[in-house]
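Please read them with the structure open.

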Amino acid sequence: MSQNTTSKQAILAALGHSSINQLNQKPDLSGLKSTRFLQTDLIKRFEKGLNSVTGELIYPDNGNSIDILKGNVAQLISQGMQVISLVDGIEGNQLMPTQPHDLKHIDYAIIQARFAVAENGAIWVDSEQLNGKNVNTHRVLPFICENLVIVLNKDNIIATMHDAPAKMHLHAGDFGTFIAGPSKTADIEQALVVGAHGAFSLKVYLV
Amino acid sequence: MYQSKSHADNATIFCRDENRVDWHSKALWNLREKRDRAAASVPEWEQLRQLGSEIKLHTLSHLGDYLCQFEQKCIENGIQVHWAKDASEHNQIALNILTTHSVKKLVKSKSMLTEECHLNPFLEKHGIEVIDTDLGERIIQLNNQPPSHIVVPAIHMKKEEVGELFHQKLNTPKGESDPTRLTRAARKHLRDQFLSADAAMTGVNMAIADLGAVVVCTNEGNADMGANLPKLQIHSMGIDKIVPDADSAMVLLRMLARNAIGQPITTYSSFYRGSKVDGEMHIIIVDNGRTDIMQDNILAESLKCIRCGGCLNTCPVYRRSGGFSYNYTIPGPIGIAVGAQHDDSNTIPWACTLCGSCSYVCPTKVPLDKIIAHHRRLKAEQGKLPFGKKFYMPAVGKLMSSPTLLNCTMSSARLALKVIPHTLIKPLSGAWGHYRELPVAPKSSFDTWYKHHKAANKETK
């Protein structure tokens with residue numbers, strides 16, 4: 001028996017002496033799934049949640065945020081920014097490199113979200129979106145870019161985290177993450193600083 | 001770092017600088033207030049706490065089954081799972097994985113478990129450079145200190161001190177103390193480390209049994225930046241991190257950051273259900289005393305903890321004695337709960353007023369005050385009461401259980417307080433009298449007062 005198996009057996013055997021009541025039932029969590037909210041209400045709640053984590057929502061009254069995004073991307077590129085896009089119909093000026101480390105120069109990364117959570121502004125992105133139109137996408141992209149841009153469909157906002165597992169699509173071997181705003185820290189005297197190791201800013205275009 | 005291991009001795013050192021104690025206490029209370037606002041914003045908060053407690057209790061009571069299910073699912077996902085009975089086995093496993101891959105530089109994100117196992121010095125001894133990447137952790141690593149708090153590890157340092165440290169270690173301008181500029185300097189310094197690391201290691205906030213996935217939460221993005229660059233990623237977790245499924249994880253995720261620092265969720269809550277393409281992912285499952293804790297049904301509930309740090313922020317003793325006074329890696333109420341059995345000073349169970357504020361704020365309803373009181377009993381039963389307590393507590397017990405003895409003693413004490421100068425009897429009050437004045441003696445005992453008034457009452461009726 002390898003040492004690893006021995007330790008596993010030892011731990012499992014020790015758990016046999018646990019004094020915790022074996023009758024503790026798994027609580028029923030189905031009641032936490034939210035009842036239906038109106039879409040306009042969910043959008044409002046999401047914007048509030050996103051703002052509370054220092055993210056910004058772009059959702060003009062005419063609903064045409066994708067044109068705004070296209071315009072902004074063109075402007076960024078003209079300013080010499082390095083832009084990479086995983087979203088259909090939005091073209092950046094950088095291709096996905098072979099090595100993830102080479103993403104270090106990316107100023108703006110544009111990715112698609114699967115869904116977002118209204119209560120806390122968290123946006124779920126998983127392997128499927130990260131791979132998008134390029135199977136060699138690197139997981140580090142939304143973390144290493146200087147600024148993150150996320151495109152979110154307005155039908156894909158859920159009320160609370162309890163509705164997330166049904167929508168997560170986390171297959172075997174996959175990676176997925178909730179992103180709530182740009183990276184931040186308050187490790188020096190509790191002063192909030194936006195832009196710790198990850199993105200300095202997060203803009204969400206609602207389409 | 002301190003000479004004595006006794007909590008009271010170390011708290012005395014911490015309390016010498018009164019302004020600093022006030023500043024420290026206020027910084028933590030600020031977190032408590034933010035927590036209160038965040039909790040109040042969720043109408044079903046108390047229901048979540050109850051469910052959180054039930055989920056953890058249920059998981060702990062079926063932990064063997066869940067651990068096996070977790071391992072099986074991980075293997076299906078291509079993740080390599082290792083089991084470690086104790087800290088030294090954990091460290092050896094980590095070293096073996098790292099040497100197999102000829103790792104020279106390891107980037108780590110926050111993990112109280114690896115602190116508990118003293119992994120960094122072990123790896124450094126074997127020639128591996130270890131870089132802590134959470135800003136607070138990096139600050140204390142550069143300052144050669146352990147964390148003084150489990151969520152905000154450098155809470156004990158002022159920005160001027162961080163500035164001076166960065167000036168020496170990272171070459172920032174002398175006198176720079178602006179948190180934004182210091183954070184930018186650390187970002188630049190750590191980015192170089194991320195890009196040149198051979199492997200990454202993280203702690204685990206939750207391990208989801210039916211998915212075979214680990215959840216890692218950070219605000220800075222350091223865990224994801226680390227884990228997603230090099231080919232090799234290692235995640236260390238205590239056996240108590242298991243939750244049955246994603247639904248359960250959501251209940252805890254809704255509370256974790258709200259209860260820790262008043263944020264609705266951490267910036268990044270990442271689910272790793274396998275390695276990156278061409279990568280390798282390892283998980284080390286560690287016992288290190290947890291199964292021992294589970295043999296005592298009161299102490300066992302301490303394993304419901306999700307390490308939010310909420311109990312530290314609210315604790316009147318922690319706020320005024322600092323994280324380095326506890327003679328254990330984890331300070332504060334939860335540190336006493338899971339660390340008292342390792343405390344050879346036998347003092348930390350008394351670093352508590354039993355006010356119960358910690359239990360009140362705990363998101364998984366760990367009965368911390370009850371556990372701490374239980375630790376006092378255990379220390380007494382093991383004959384490990386500190387010198388003074390060992391001597392006088394049995395006497396006090398006898399005294400209190402005999403009304404005659406108690407009345408006699410109290411009346412002599414009242415007399416003594418009246419007739420003997422306080423300077424002469426104060427030394428008898430021991431540690432209690434260090435920061436207190438002796439009381440003014442009441443005219444009579446409560447017993448006498450009560451009897452008198454009861455009689456007077458009857459007469460008027």
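This is a predicted model: local features need pLDDT of at least 70, side-chain atom pairs count only at pLDDT 80 or more; totals for chains, interfaces and linings use all residues.

1. Strand S8 (175-179) of chain A pairs with strand S9 (residues 268-272) of chain B; the sense is antiparallel, and the pairing runs over 5 bridges. Within this pairing, A:Thr177 stands opposite B:Ser270 in S9(B).

2. The contact between the chains involves 63 residues of chain A and 70 residues of chain B. On the chain A side, at least two residues each come from helix H1 (3-15), helix H2 (39-52), helix H5 (141-144), strand S8 and strand S9 (184-185). H1(A) gives the most to this side, with 8 residues.

3. What is the make-up, by class, of the side of chain A that touches chain B? It has 28 nonpolar, 26 polar and 9 charged residues.

4. Chain B is assigned three parts: domain 1 (1-33 + 309-401), domain 2 (42-133 + 198-291) and domain 3 (403-460). Taken over C-alpha atoms, the centres of domain 1 and domain 3 of chain B are separated by 29 Å.

5. Between those two domains of chain B, 4 residues of domain 1 are in contact with 5 residues of domain 3. Helix H19 (residues 387-401) of chain B gives the most to the domain 1 side, with 3 residues. By class, that side has 3 nonpolar residues, 1 polar residue and no charged residues.

Notes
Residues are numbered from 1 along each chain as its sequence is written. Chains are lettered from A and ligands numbered from 1 in the order in which they are written. Domain bounds come from an automatic or database domain assignment. Two residues are in contact if their C-beta atoms, placed from the backbone, lie within 7 Å. Helices (H or I, at least four residues) and strands (E, at least two) are DSSP runs, numbered from the N terminus. Ala, Val, Leu, Ile, Met, Phe, Trp, Tyr, Cys and Pro count as nonpolar, Asp, Glu, Lys and Arg as charged, and the others, Gly among them, as polar. Two strands pair if DSSP finds at least two bridges between them.
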